[in-house]
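Please keep the sequence and the model in view while reading.

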Amino acid sequence: VTITEIPTATDNCEGTIYAVTKDPLSYNDQGEHIVTWIFEDANGNSTYQSQKVIITDNIAPIPDNIYLEDIISECSVDITDFPTATDNCVGTVYGITDDPTTYNELGEYTITWHFKDGNGNYSSQKQKVIINDVTQPSITCVGDQLITLKRNDDSYYTVNGNEFDPISVTDNCDVYK
């Protein structure tokens, strides 16, 4: 707050006298502040008056986005972009959470973000995290051959009596091993 109205007093000889002060007229910190006003006439007579300035913050931060979009990722995600809110006193407030911000397993999760302004006010917002696997596994074949497979005791495969590695399957999410 900035004090813009300077108090006045009435003097029996001079009429209206405007107060002066050595205290600041602008305040940004929470709490109670005192401004001491001095009223002095041309004859050296003076009187004092105190004025309380009370700064409070009772407004919670307002999330910058009304709705947080779902985070959809394949296989895993490490969330590094935290949502923000705007507070009337402190400006930008970054979301904090007690929930994990790294997900390595397929599924659907919910993160609760909290926006705290440091003055006891807070708001919350939820965000969904979806980890899925939509990429088909990749199969690596030996090549274009007409093969007859039979299993040996040591688990190798044979083609016309020659050993070779079995067909391999890989998946981007390591679901198939």
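## An aromatic pair

Does phenylalanine 82 count as buried, partly exposed or exposed? Phenylalanine 82 counts as partly exposed, because its relative accessibility is 31%; buried means under 20% relative accessible area, exposed over 50%, and partly exposed in between, with a 1.4 Å probe and protein chains only. This is a predicted model, in which local features need pLDDT of at least 70 and side-chain atom pairs count only at pLDDT 80 or more, while totals for chains, interfaces and linings use all residues. Residues are numbered from 1 along each chain as its sequence is written, and side-chain values use heavy atoms, leaving out hydrogens and water.

The count of aromatic pairs comes to two; rings of Phe, Tyr and Trp (its six-membered ring) pair if their centres lie within 6.5 Å, and planes under 30 degrees apart count as stacked, over 60 as edge-to-face and the rest as tilted. One of the pairs joins phenylalanine 82 and tryptophan 113, with ring centres 4.9 Å apart and planes at 50 degrees, so this pair is tilted. The partners are 31 residues apart: phenylalanine 82 is in the loop between strand 7 (77-78) and strand 8, and tryptophan 113 is in strand 11. Strands (E, at least two residues) are DSSP runs, numbered from the N terminus. Tryptophan 113 is buried, with a relative accessible area of 0%.

## The open sheet 6-12-11

Three strands form an open sheet in the order 6-12-11, with mixed pairing. Strand 6 (71-74) and strand 11 (107-116) are the edge strands, each pairing on one side only. From one strand to the next, the twist averages 25 degrees; axes are lines fitted to C-alpha atoms, and angles run from 0 to 180 degrees between N-to-C directions. Strands pair if DSSP finds at least two bridges between them. Strand 6 pairs with strand 12 in the parallel sense over four bridges, and serine 73 stands opposite isoleucine 131 in strand 12.

Glutamine 125 has its place in strand 12 (residues 122-132) and counts as buried at 10% relative accessibility. Its side chain reaches the backbone oxygen of isoleucine 66 at 3.3 Å. Beyond its neighbours within four places in sequence, glutamine 125 is in contact (heavy atoms within 4.5 Å) with residues including Pro63, Tyr67, Ile111 and Trp113.

## Salt bridges

The whole structure holds two salt bridges, each a side-chain nitrogen of Lys or Arg within 4 Å of a carboxyl oxygen of Asp or Glu. In one of them, the closest N and O atoms of lysine 52 and glutamate 32 are 3.9 Å apart. Lysine 52 lies in strand 4 (residues 46-55) and glutamate 32 in strand 3 (residues 31-40), 20 residues apart. Lysine 52 is exposed, with a relative accessible area of 56%.

Lysine 128 forms a salt bridge with glutamate 108, with 3.6 Å between the closest N and O atoms. Lysine 128 lies in strand 12 and glutamate 108 in strand 11, so the pair ties together parts 20 residues apart in sequence. Lysine 128 is partly exposed at 31%, whereas glutamate 108 is exposed at 54%.

## Strand 8 and its partners

Strand 8 pairs in the antiparallel sense with strand 5 (residues 62-63) over two bridges, and with strand 9 (residues 91-94) over four bridges. A hairpin through three residues joins strand 8 to strand 9.

Technical notes
Polar contact = N/O pair within 3.5 Å; in protein donor to acceptor, adjacent residues only side chain to side chain.
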